[in-house]
Amino acid sequence: MLLCFFCALSFASAQKFEFWPGAQYDPAIPTVEKVLGYEPGTKHATHADIVRYFEALAAAAPARIKVFEYGKTWEGRKLIYAVISGEDNIRRLPEIKAAQLKLADPRKTSEADAKQIMASIPSIISLSYGVHGNEISSPDAALLTAHHLLASLNDQLVANVLKNVVVLIDPLQNPDGRERFIQNFRVNEGLEPDASPVAAERAEPWPGGRSNHYFFDMNRDWFALTQPETLGRVRYLREWLPLVMVDLHEMGGNSSYFFTPGALPYNPHLTKDQVAQMDLFGKNDAKWFDKFGWTYFTREVFDEFYPGYGASWPWFYGGMGMTYENASVRGLVFRRNDESLYTFQESVQKHFVASVATCETGVLHREKLLDSFWRYQVTALDEGKREAIKEYILPRRGDVSAVDKLGHILAEHGIEVRQARAAFKSGGKEYPAGSYAISLAQPRKRFIRVLLDPQTPMEADFLKEQERRRKKRLPDEIYDVTGWSLPLLFNVECVASAEAVAGDLAPVTGPYQPKGAVSSKAEVAYLVPWGSQAAGRFLTAALRADLKIISANKPFTQAGRKYPSGTLILMVKQNPAAVHDQVARIAAASGAEVIATSTSWVEEGINFGSNNSIVLKKPAVAMLWDSPTSGSSAGQTRFVLERQFGYPVTVIRAASLGMADLTKFQVLILPEGGYGATVSPAAADRIKQWVRNGGTLVAFGSALSYLSSPAVGLLGLQQEGLAKDAASPAAKPADPAKPADAAKPSAASGAVAGASSPAPGGPASPGPGGPGVAPAPGKLLAKQEDYEKAIQPDSQLPDAVAGVLVKAKVDPETWVTAGLPETVNVLVDGRYIFAPIKRDKGVNAIVYDAPDKLLLSGYIWEENRKQLAFKPFVVLSSEGRGNVVGFTSDPNFRAFMDGLNVAFLNAVFRAPTSLGRGGAEHENE
């Protein structure tokens, strides 16, 4: 009864919160409280709550709201969106959708017809909430927005919206992440909401609720489409092509509110009309924020450059995208730095008001938005016809499975892609059957350039400002990666052709489905050429089917065909009688090319029984999980192995490593993370002994510093400080043996360089630093350049790079590079640069190219470009009977580095642990 008393006291003291002061609502439309049993903003609505409420609205007002399911999350939660408008518009939704699609293609719609369409249809506005699961206010605001639009009485604004706008509401884009946040909050909830910024209820355990089940930031996934949530959204949005799409987010609790216009840089493929329209929405949002007395900011932080944001994707079909950022409570109440209390209800109200304001702008500027959308398509077609590049061609060679996947990703975006049924010529070059052609004379012309151009430039003035800021040691303002060209990410050829492709080509439709086949029934063996995604899928499936697989460590030629190193060999007599059916089934599902052979004889290279071939054994793969690993690195690595290649991974919490029986595993993966003192010495010793006994350790990025530390000593790498000739002449390289933050004493510590020992002749004289502190040697600074040198730090690391794509050269004579082309493309971000490993300590298997050949896409600081050249991307080392494979950059970054899949699979599945030190290529030394 005492608990009930305190609950009653708490509720009695709370005043009813007015989200839209003075609003009158139709009691026939159920409120949040009536359906869910609590006032909006007094609890965090769960996924089940949100679905239940929208279903209740649809039951109460079926003539004004329709609810659609567009997919499921990895954890099986339903993804929904609602369509809200007036009864007349809801009745003719199919007509409105069809009209919008006609407006999107001037090849099928005349100017006169377009004007008739624009005069007859409402604007379509999409409001998307909660893509980051721990950004909690927007899904609750979605409930209020839907109720307000459906239940408002005597409100002319709402009446105008229902008449002139079709509103799409995606109330919860990331159900799995939100449930993770809510679970932590409820587990740690006390007697009353805790306002302390350090309260456990808002201090989320690893990995936090921001990401989805595989810890992906889905607000970076909109062009790669790796996650089912993102793919489902793109598919339903393509049916509507909203004129405006808003993605509602949260930021730090001490901030105010951000809305459009966005920050520089702007993607160069935005049109002048699109940029100008940002002000229309920003000004109307500002009007409403002024009415409520709320502060806000614009044109800072949140850019319009990277195409992987949810608010970026609409720009490139002719709509516009906007990011709204709200100060987050991360609970129910938050104490700000100024000691004021900020409640969850207040944060929900801001997103709610901004949502309604956006709908109003869609009413006020309906004609302008529709006309701008139409003009975008017309000018895109005109540019595609006039500009030098008429067609992009993806030749179906090299890793053809990666080429196929890329062609279908483009099609998923609504880009018109054609596939050649026969070989053809274009621009004097020959292309094989199956190649893809993408004409730029189509409405998605600008999106094609965004995704396929090797380089997307940023404004010169913006870059100049970033260099100025770096010079003053201010943080740069580049928000995300600057290099993302899909052909470079996939490491496939992409040809910019000055002439249109003609021939027998068919449109690419439907989702990507790998198509593999076996040439015939084998008498002696089945051969799977290594070096493709499809071959990787074949390998993992065949291992799980317990088939015996031999892998060639060197190339060979049979029947006139050259097979690369790594090629898989399945001997018929060494496998079960059902091998023929198994191989056929796996080939079909994986998309792999499988060649049947009736002889083991080869014309050149190694034979099937050579000592330069190895039997691949099915490894049990483990990966470190939980703090201190990077959630994104761990999640995307698990995703690549489990979902892209169908191979299970056992994740081991780092805290359990000291007790884990590693003998049950053959491979252990260390994702990026801040290991240091977090992993106990006993656990480190356990890892070392496991490697010596034959285990393969695969590590990424910052984990290499840990493995190279004296406490572990499994890898002979050294992280580099800023090269002396790359820095100011006054700067010296950082000591790689010291942690980055400990390279020099901080000013706050009171330590002064040179004060640790007395000057010759006696104790230091009292000086400006106080008794016992020697003064700095005098120096004349005669000009500005002398001053600039004098203020440079004595030691520093290279400045962090916002992700760029660079070229790396492959050493073909290592087991980890089997099947790879001569060069691969790597996404480099951050400040990690490692010196090449010495020959007595290991092998530099893949090394970054020369300075003048290094950069492929993005913007890299000049000193980083010079210093990164000829430094390792992949290193190999052996310890006892085991191996260590180090990737200095994460090969699975955002799971869109498809061109590095084979290198990663080699590290996991091809380690020659049974052959002793050095691998197969050195076994007889």
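Mentor: Start with one residue and look across to its neighbours. S551 stands opposite I614 in strand β27, and opposite L568 in strand β24. Keep in mind that this is a predicted model.

Trainee: How many bridges join β21 to β27, and how many join β21 to β24?

Mentor: Strand β21 covers residues 549–552. 4 bridges join β21 to β27 (residues 613–616), and the two run antiparallel. With β24 (residues 568–571), β21 has 2 bridges, again in an antiparallel arrangement.

Trainee: Are the residues of β21 buried or exposed?

Mentor: Check each face in turn. I549 and S551 lie on one side and I550 and A552 on the other, and all are buried, so both faces are covered.

Trainee: Now the surface. Which residues make the nonpolar patch of about 280 Å²?

Mentor: L781, Y787 and I791 make that patch. L781 is found in the loop between β32 (732–733) and α23 (784–790).

Trainee: Last, the charge. What is the nearest side chain of opposite charge to E325?

Mentor: E325 sits in strand β9 (residues 320–327). E325 is buried but has no salt bridge, and the nearest side chain of opposite charge is R210, 7.2 Å away. A salt bridge needs the atoms within 4 Å.

Trainee: Which backbone nitrogen lies 3.5 Å from a polar atom of the E325 side chain?

Mentor: The backbone nitrogen of E250.

Conventions
Residues numbered from 1 in each chain as written. Predicted model: local features only at pLDDT ≥ 70, side-chain atom pairs only at ≥ 80, totals over all residues. Heavy atoms only, no water. Buried < 20%, exposed > 50% of the residue type's maximum accessible area, 1.4 Å probe, protein only. Pairing = 2+ DSSP bridges. Patch = residues over 30% accessible without salt bridge, like charges linked within 9 Å, V, L, I, M, F, W, Y side chains within 5 Å. Areas by Shrake-Rupley, 256 points an atom, 1.4 Å probe, with all protein chains shown as cover. Lys, Arg positive; Asp, Glu negative; His and termini not counted. Polar contact = N/O pair within 3.5 Å; in protein donor to acceptor, adjacent residues only side chain to side chain.
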